[in-house]
Amino acid sequence: MAVFSVLAAVIIILLFAMPVGGICTYIERKVSADMQERIGPNRVGPLGLLQFFADGIKMFLKEDTAPKNADLPIYNLAPILVMAGSLGAFALIPFAKYVIGADLDIGVFYIMALGSLISLGILLGAWSSDNKWSLLGGMRVAAQIISYEIPLGIAVLSIVLVSGTLSMSGIVEHQAWPNGTAAGGHFWNVFHNPFLFINFFIYFISALAECNRTPFDLPEAESELVSGFNTEFSGMRFGLYALAEFADVIMFSCVATAIFLGGWHLPFVNIGELNIGLRLGGHDLTPLIQTLIMIGVFLAKVSVLVFVVMWIRWTLPRLRVDQLMALCWKYLIPIGFVNLVGCAVWFWVFKGASMLQVTSRLLGVH
Amino acid sequence: MALVDLFVLSCIVLGALSAAVVAFHPNILYAAIALVFSLLSVAGLYGALGADFLAAVQLIIYVGGIIVVILFAIMMSENIYRGRFVEGFRRFIVPFIISMVVLVGLVRLMRRAGWPKTAEIMNLPSTGPIGQALVGPYALVFQYVAIVLLSGLIGAVVIARPHYTETKGDGT
């Protein structure tokens, strides 16, 4: 069993996170080109689809330089820490029922804990490259990630309060469509109650800040800090930073999908109870097809979120440092706390029922 | 040797080695980074003991919070590559005595604790019992810690806020 879970983890990382991170760089360039009425990459392969391969090969072949005064052991360690932090969380993402690397009891908490490695790696890399722009970027990253972990944690906490579990698959199971037989279905957590609906946006904004994406990309603000914390990194070390950023975006979108947008659950149908009468050589193919549909639904939701992240990047200008901190401490955290208490009150008044269940009870539909 | 034994053993070796680096490395920055690995291996030991919640707490509080703050302090100070604060073995006397006292206390505590002997207890989810304990028998301690943290936060704000005492006289 242990061998299989190790194998699954390696497959998830190598066949999902890395290539999808690469494809995301291509999509990002295409999306930005569309928004600026350009064509974008179109030379390498059909529609420029192989552009990210070319980028990857270029990254690998580039000379790996280091500044003269760099603290080499730390300089070499930093990108690895960042990558480990972003990829480690993929083990906990429930792509479909039973398709999850490690279904820990503390799932969502563990994902947040791994995020701390990212800030550590970025800070160390920034400091060790002996460049003042890098150091400024690194300080901004540390301040930003530590601050925005609080609203993120509060938003996740309200989900845990409503679901009654920390396990990722448990949270997803909780969000099934309530059809006759499954009385426990609460539908997507984002529609569970009005407070959670607001908390979804708090989560999304904080996740943007955690991945250093525009409008929160102060750590790598090109116009102020050259390129921020990764200024002195070249070749594949820079590539690791870039890939880790996209892996982070995908990871936060996956978590948002799983805990807020119902994971693999769809409205009106319950995929786990679909009956597909396909058989092959005496074997019932229903579980396999159900799993494939679930993975498809999950990835569709994730890609919508990733697209929104890119859309925001090419639409909004960057915040100032004081605005960044004011947004976090004066708006997101108080609103988050009020919502957390609101969730608890909702839970107490309606005995844990979601908006959908309350309405259906009022209308007499079951 | 089972996989979990190997994991525990590597956690102990890594933890001990990096703890030695923390204690004896002349460069304070390297000591701080070695502390990360020491704390990570302690988290690994917690995980191997079935205390998964405690392992994640170790990671999120120590690696994500305290180490970052320590690194901030180190990076903001000058001449961290320049030697030691106290030369010679004199600097080991007081820490040695304190750590011996702590070690004796921990060993006594460990011998007295009733460790679970079966794997079934270890595989139970630990978050539920922790939560029950925090609002049940330990509610008072929990509230006390909350008050300490709150006063710490308020103190930090008071210290960090800008001082306008000099402009007090001109009526603004």
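**Entry 1: the A/B interface**

I looked up the interface and found 18 residues of chain A in contact with 17 residues of chain B. I took contact as C-beta atoms, placed from the backbone, within 7 Å. The model is predicted; local features need pLDDT of at least 70, side-chain atom pairs count only at pLDDT 80 or more, and totals for chains, interfaces and linings use all residues. Residues are numbered from 1 along each chain as its sequence is written, while chains are lettered from A and ligands numbered from 1 in the order in which they are written.

On the side of chain A that touches chain B, helix 4 (107–128) and helix 5 (132–163) of chain A each supply at least two residues. Helix 4 of chain A gives the most, with 10 residues. Helices here are DSSP runs (H or I, at least four residues), numbered from the N terminus. By class, I noted 15 nonpolar, 2 polar and 1 charged residues on this side of chain A. Nonpolar means Ala, Val, Leu, Ile, Met, Phe, Trp, Tyr, Cys and Pro; charged means Asp, Glu, Lys and Arg; the others, Gly among them, are polar.

**Entry 2: helices 3 and 4 of chain A**

Next I checked how helix 3 (residues 72–88) of chain A sits against helix 4 of chain A. Their axes come within 7 Å and cross at roughly 160°. Axes are lines fitted to C-alpha atoms, for helices over the stretch in contact, with angles from 0 to 180 degrees between N-to-C directions. Helix 3 and helix 4 of chain A are therefore roughly antiparallel (angle over 145 degrees).

**Entry 3: helices 1 and 2 of chain B**

Helix 1 (residues 3–24) and helix 2 (residues 28–48) of chain B pack at about 155°, axes 8 Å apart. This pair is therefore roughly antiparallel too. Phe7(B), Cys11(B) and Val22(B) are among the helix 1 residues of this contact, and Tyr30(B), Phe37(B) and Leu45(B) among those of helix 2. I logged 16 nonpolar, 5 polar and no charged residues there.

**Entry 4: Met310(A)**

Last, I looked at Met310(A), in helix 10 (residues 286–313) of chain A. Met310(A) is buried, with 21 other C-beta atoms within 10 Å; the cut-off is 20 or more. Not counting residues up to four places away in sequence, Met310(A) touches Glu28(A) and Val31(A).

Conventions:
Two residues are in contact if their C-beta atoms, placed from the backbone, lie within 7 Å. Angles under 35 degrees count as roughly parallel, over 145 as roughly antiparallel, 65 to 115 as roughly perpendicular and the rest as oblique. A residue is buried if 20 or more other C-beta atoms lie within 10 Å of its own, exposed if 12 or fewer, and partly exposed in between; C-beta atoms are placed from the backbone.
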